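Here is a short report on charged side chains and helix packing. Look over the sequence and the model before reading on.

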Amino acid sequence: MSNYPLDDPVPTWPVADIVEAWTRELPGAATDSIAVITPLWRTAKALADDRRRTLAALGVDPSTLDLLSVIRRAGEPYELTTREITRRTLVTAGAISQRIGRAEEAGLVERAPSTASRRAVAVRLTDAGHRLIEQTVRQLLEHEAGLVESLSAKERHALAGCLAKIDAALG
């Protein structure tokens, strides 16, 4: 087994052993969640590590991807106020300000008076930012499609529905 779980052709999940051990050590404890949470946690970590490596290879840091993505997904004219970016990314206003500053220095975004409000500042993609986010997202999505290609369309749909339920319960 490699140090990177996604490199292994058939990952081994120690779920049954973990359930058995906790059932033995804490009789009566609710162990049903282990069969779901343990693989989800392990998969989430492996996917996060994979995304970090993939973005590093593409030359984009995750926070820049997040910023440029939220602006690009907004549609034309590819601009949002700083308040809207903060709301859509669930990141603090201070962190958003730092991200915008770095992206502005790199020539990926520019600040301008907002068309939505005279007091608001809009952050808009530059041509360079637009090209970078489109190229990066296309490559990232192609790579990540390969990570789930072992699942049928029906299985992906079912898994997405189950994960949405868990996410809703957490929120």
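Glu144 counts as partly exposed because its relative accessibility is 21% (buried means under 20% relative accessible area, exposed over 50%, partly exposed in between, with a 1.4 Å probe and protein chains only). This is a predicted model, where local features need pLDDT of at least 70, side-chain atom pairs count only at pLDDT 80 or more, and totals for chains, interfaces and linings use all residues. Residues are numbered from 1 along each chain as its sequence is written, and side-chain values use heavy atoms, with hydrogens and water left out.

Glu144 meets Arg51 in a salt bridge (a side-chain nitrogen of Lys or Arg within 4 Å of a carboxyl oxygen of Asp or Glu). Glu144 sits in helix α6 (residues 127-147) and Arg51 in helix α2 (residues 34-58), 93 residues apart. Helices are DSSP runs of H or I, at least four residues, numbered from the N terminus. Arg51 is partly exposed at 34%.

The structure holds 12 salt bridges. Among them are these:

| Pair | Closest N to O |
|---|---|
| Arg99 and Asp66 | 2.8 Å |
| Glu84 and Arg87 | 2.5 Å |

Arg99 lies in helix α5 and Asp66 in helix α3, so their pair ties together parts 33 residues apart in sequence. Arg99 is buried at 16%. Asp66 is partly exposed at 26%.

Glu84 and Arg87 share helix α4 (residues 82-89), 3 residues apart, about one turn of the helix. Arg87 is exposed at 53%.

A network of salt bridges links Lys45, Asp49 and Arg52.

Notes: Helices (H or I, at least four residues) and strands (E, at least two) are DSSP runs, numbered from the N terminus.
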